[in-house]
Structure formats: structure tokens, C-alpha cells
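Colleague: I am new to this structure and would like a close look at a single part, the place where the two chains meet. Could you take me through that part with care?

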Protein chains: 2
Amino acid sequence: MSFSMSQASVPAFVIGLNALSGVLDKAEAFAAAKKIDPAVLPNTRLAPDMFSLTRQVQVATDLAKKGAARLAGGEPPVFEDTETTIEQLKARIAKTVTYLKTLDAKAIDASAEREITFPLGPTNKGHMKGDDYLNHFVLPNFYFHLTAAYAIVRHCGVDIGKRDFLGAIPLTMT
Amino acid sequence: MSFSMSQASVPAFVIGLNALSGVLDKAEAFAAAKKIDPAVLPNTRLAPDMFSLTRQVQVATDLAKKGAARLAGGEPPVFEDTETTIEQLKARIAKTVTYLKTLDAKAIDASAEREITFPLGPTNKGHMKGDDYLNHFVLPNFYFHLTAAYAIVRHCGVDIGKRDFLGAIPLTMT
């Protein structure tokens, strides 16, 4: 009957982010093979008023980092949004995964009933109970930006499938 | 310190699916206002080899319905994949939400350590522990197809934003 806030957060973020890094590996190889300017894919968007691939990766990593940090009751490290290449985006993902692994699972587990306050846009603040914040804000938003990044790469013609999105999940196949 | 499998599944599916229904409302109004053939949006894809909007909605509802049913240890109702209009897709979402609300939370909570077996493609089977199945298969896949449906609608020019994607989450804003 075990299920916990720490289990539903950090391992899902780590697997999802490592999967995103694998998607970016394939995007990088695709651009190199087709001699596409390395700046093109990071700047691609699904619609003119949607985020670029670069911004999708920045936001996905920030949701994991800031979401988990707020639940654990700590201050996340600040990453400047300066990435311009896929290699730099992968480095940001790696830094995020390293940080996530330092968080205290017990502190995250203790946050279910605690009120979490977080910025919403430039001037507003959001307030949610810890369990709702994970369940109805951080996880949906995290997967939203992970999927958007995947869809941009897929839209560019890179040969990726659902397994690349899911990553190294604990699955046995028969 | 409360957090449970039932809490991390059914309410997230219900809020996400109701949000998707709201996105489809806006898509329907957009098509009507622009006198777009009602068959166009349901058949739109982000890439020729990605699912259409219709299929994204069918798969998102099936993930919620079958995922939650397997965790609860029951058999989900079968919905034929016959929808051709947005109105029919919204009816499928409503049927799914109604079904989800019938599931026994205690049965879902008891499934964390139980092995879940599920079809993977036409011939294979996947095996995962209940908690991993929810955490690393059902939730990422559910949000993947919800986001893909949202992105198709957004790509068509419908004026929707992140709040339409998140839906009626328990959030207080100051």
C-alpha cells in the first residue's frame, strides 16, 4: 500500500528528463546528418506564439527543479536561461537531475498538507496544498512541456517514438 | 502525510479530461465561427505519422479508463472508436468521467505492490508494479495525449492557453 509524494515526484522527473535528453541526442544527430544549422532546432516552435524547443526544455527543467524544491521546503539553484545549443540544453537537464537527487524524500513526503506558494506570471501568486500542487500543477505542467519538446522534435522529422518519450521506465515486456 | 494511488489517479484524470472537453468546446466554436467543415479539426495532425485529434482524445480517455480500471482490479467498459465529430468526442470524455467516478478508491490504493499486466502493441504484454504503472506509464502517457490534443487545437489557431489545459485545479490566486 506504499505510495508517497517523493515517489510520485523525483523518480518521475528524473526518468522524464533523462528521456528528454535522449530525444535531444537524436535531434542533434539528425541536425548534424542533414547539415542543418545548429540554431534551427532549438528555435523551432509548433506555433508562432508557442515556446521554442529551448524554452520548452528550460521550463520543463524548472518545473521539476522548483516543484520538487518547494515540496522539500528548500531553495532551488537558479539556472540562467542562456542556452542556445542542444548540447547546452542537455547540460541543463543533467544539472537538474543531479540537483533532484540531492533532495530529501522525507521532507517531500511531509509536504502533502502544507500550503505551497509560487509565482504565477509576473505579479501573481498561486497557493495550493502540497499534494494538489504536485498532482494538479507540477506533474501536468511538467509533462506538458516534455510533450511539447518531443512534438517539436518529431515535427522536424526526427525519428522518435513513444518509447523515447517514456524513457527508462521499470517495465518488463513479454 | 496523506498521499495515495487513488488521489494521484482519478482526480487528475477527471480534471484533465474535463479540461480537454473545454478545449474541444473552444475548438467547436472556432470551427463554427469560421465556417470550417466540422470534419477538419478532428482529422488534423501535427505530423503525417502522428495521431489525429480524434485518436488523441480516444487514447487519452482509454488511458484514464483502462489505467484506473486495472489498478482497481476491474474490467473497464469498451468504447467503440467511432467518433467523427467534436460533439461525439466530448460525449466519450463525459462517459469516461462518469465511469471513473464509480471506481473504488480503496481498491486502487491497494494496488501499489500488485503486478499489472497490460497489452503493449498488437502482440506484446507489459508488466509493471501498480505504483510504477501509474507513475511511469499511465500518467506520462495520459498527459502526452492530452497535450498532443491541446497542441493540435492550438496549432489550428484556436485561442487557448495553459489554463485551458490545466482546467479546474484547486488553486487560489492572489
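Modeller: Across the interface of chain B and chain A, two salt bridges are found, and in one of them the side chain of Asp49(A) meets that of Arg154(B), with 2.9 Å from N to O. Please keep in mind that this is a predicted model.

On the side of chain B that touches chain A, at least two residues each come from α1 (5-33), β1 (115-120), β2 (124-129), α5 (130-155), α6 (162-166) and β3 (172-173) of chain B. Among these elements, α5(B) gives the most, with 17 residues. Sorted by kind, the residues on this side of chain B are 28 nonpolar, 14 polar and eight charged.

As for the extent of the contact, 50 residues of chain A and 50 residues of chain B take part. The size of an interface is often given as the accessible area lost when the parts come together. Here, chain B and chain A bury about 4,600 Å² between them, and 63% of that area lies on carbon and sulfur atoms. Of the area that chain B buries against chain A, 15% is supplied by Phe3(B), His136(B) and Phe144(B), more than by any other three residues.

One open sheet has three strands in the order β1(A)-β2(A)-β3(B), with antiparallel pairing. Its edge strands are β1 (115-120) of chain A and β3 of chain B, each of which pairs on one side only. Helix α5 (residues 130-155) of chain A packs on this sheet, where it touches β1 and β2 of chain A, and its direction makes about 110° with that of β2(A).

Between the chains, strand β2 (residues 124-129) of chain A is joined to β3(B) by two bridges, and these two strands run antiparallel. Taking the residues one by one, Gly126(A) stands opposite Met173(B) in β3(B), while His127(A) stands opposite Thr172(B) in that strand.

Within chain A, β1(A) and β2(A) pair in the antiparallel sense over six bridges, and the bridge partner of Leu120(A) in β2(A) is Asn124(A). These two strands form a hairpin with three residues between them, and Gly121(A) in the turn has a positive phi of about 70°.

There is also an open sheet in which three strands follow the order β3(A)-β2(B)-β1(B), again with antiparallel pairing. At its edges stand β3 (172-173) of chain A and β1 of chain B, each with a single partner strand, so one side of each is left without a neighbour in the sheet. The link between the chains is made here by two bridges that join β3(A) to β2(B), which run antiparallel, and Thr172(A) stands opposite His127(B) in β2(B). In chain B, α5(B) lies across β1 and β2 of chain B and runs at about 110° to β2(B).

An example inside one chain is the pair Arg92(A) and Asp62(A), whose side chains meet in a salt bridge of 2.9 Å, N to O. That pair links distant parts of the chain, with Arg92(A) in helix α3 (residues 86-100) of chain A and Asp62(A) in helix α2 (residues 53-72) of chain A, 30 residues apart.

Definitions and conventions:
Residues numbered from 1 in each chain as written. Chains lettered and ligands numbered in written order. Predicted model: local features only at pLDDT ≥ 70, side-chain atom pairs only at ≥ 80, totals over all residues. Heavy atoms only, no water. Contact = heavy atoms within 4.5 Å. Buried area = accessible area lost by both parts, 1.4 Å probe. Salt bridge = Lys/Arg side-chain N within 4 Å of Asp/Glu carboxyl O. Helix = DSSP H or I, 4+ residues; strand = E, 2+ residues; numbered from the N terminus. Nonpolar A, V, L, I, M, F, W, Y, C, P; charged D, E, K, R; others polar. Pairing = 2+ DSSP bridges. Axes fitted to C-alpha atoms, helices over the stretch in contact; angles between N-to-C directions.
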